[in-house]
Amino acid sequence: MHRICILGNSHVASVKQGWDKISGDWPGIDVSFFAQAGNQGLQSVCVDGHHLTSKQSKARNSFSLTHGKERMDIGSYDSFLIYGARSRNYWPGDTFYSRSCVETVIDDLTCDTPAQHVLSCLRQVSEVPIFIAHSPLLAAKKIRDRNVSKEYLDGIQILNQLHYSKYNAEMVAQPLVTIVNGRNTAPEYSWGVTKLSSVLGGSDEKSNSADNTHMDGAFGEVWLTHFFTTRLSAFFKT
C-alpha cells in the first residue's frame, strides 16, 4: 500500500471529489488530505518534531476537518502532493533570456508561496517523493481548439530543471486532455463549482458563477487518474 498525502488550499476540493469517485479503482493507494481554503493556513505551517501543524487555531481546525487530525505525521507517508497553494506554471515566451534572468523570474514565481513553504518544511524531515501541482489553468469561456501550447510544456520542464530539482521534487503538468486554446482549462470543468467546505460537508455553498479559477470533481478525477498512472502506477493493482 502506497500512502500519499495531498496538501493544498481550496483547489483540493476538486481532487477530493475526484478521489471519492475513483478510490475503489486504486486499491494499492491510500490518500489523505491536509488542506485549508485560502492561503494563510498552509503559509502558517511548521514542523514540530516529525509532524506538520500550525500555531494558528483556525488552520488547525481546518486541518482537523480535512485530515482528521490537526497534526500530520510526516513519516507516515510514502509521497506527498502539494496541490494549488499559489503554485504557478512558468510561461517562458519566445524571447531569449540569460539563465540568471530566468532563475530570478522563477525565484519570484515560487518564493513566498504556501506551496514553496510546505515543500521546504517537508524537506526538513523527509526524503520521500514530493510532487507539486500548479493551480489549474484558468477555464476558458469558449473553446477555439484543443491544442496545448508548447510554451506550457517547456515552462514545466524549466521549472523542474532550475527550481524543483533543488528540492528533489517535481511539478506535474495538468492532464493535457483538460487543456484548450493552448493555455486554458476546458470550460466544462469550471464556473461555479462546489467549494471545499461543501465537499467536506460543512455547507452547500458553491463558488461565484463567474469563478473560472476552481475546477470540479470531474477535473479532479481526470487529474488523479493521470497522476496515478504516470507517477504511482507501480502501486496500482486491478
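Buried residues (under 20% relative accessible area with a 1.4 Å probe, protein chains only) make up 50% of the 238 residues in the chain. This is a predicted model: local features need pLDDT of at least 70, side-chain atom pairs count only at pLDDT 80 or more, and totals for chains, interfaces and linings use all residues. Residues are numbered from 1 along each chain as its sequence is written, and side-chain values use heavy atoms, without hydrogens or water.

**Overall fold**
- The chain has 8 helices and 10 strands, taken as DSSP runs (helices H or I, at least four residues; strands E, at least two) numbered from the N terminus.
- Its radius of gyration is 17 Å, close to the 18 Å from the globule rule for 238 residues, so the chain is as compact as a globular protein of that length. The radius is taken over C-alpha atoms, and the rule is 2.2 Å times the number of residues to the power 0.38.
- The C-alpha trace spans about 45 × 40 × 40 Å along its principal axes.
- Of the contacts (heavy atoms within 4.5 Å) with a separation of 6 or more, 76% join residues 24 or more positions apart.

**Helix 5**
- Helix 5 covers residues 114-125, 12 residues in total.
- From first C-alpha to last it reaches 18 Å, close to the 16 Å expected at 1.5 Å a residue; the expected span is 1.5 Å times one less than the number of residues.
- Its buried residues are Pro114, Ala115, Gln116, Val118, Leu119, Cys121, Leu122 and Arg123.
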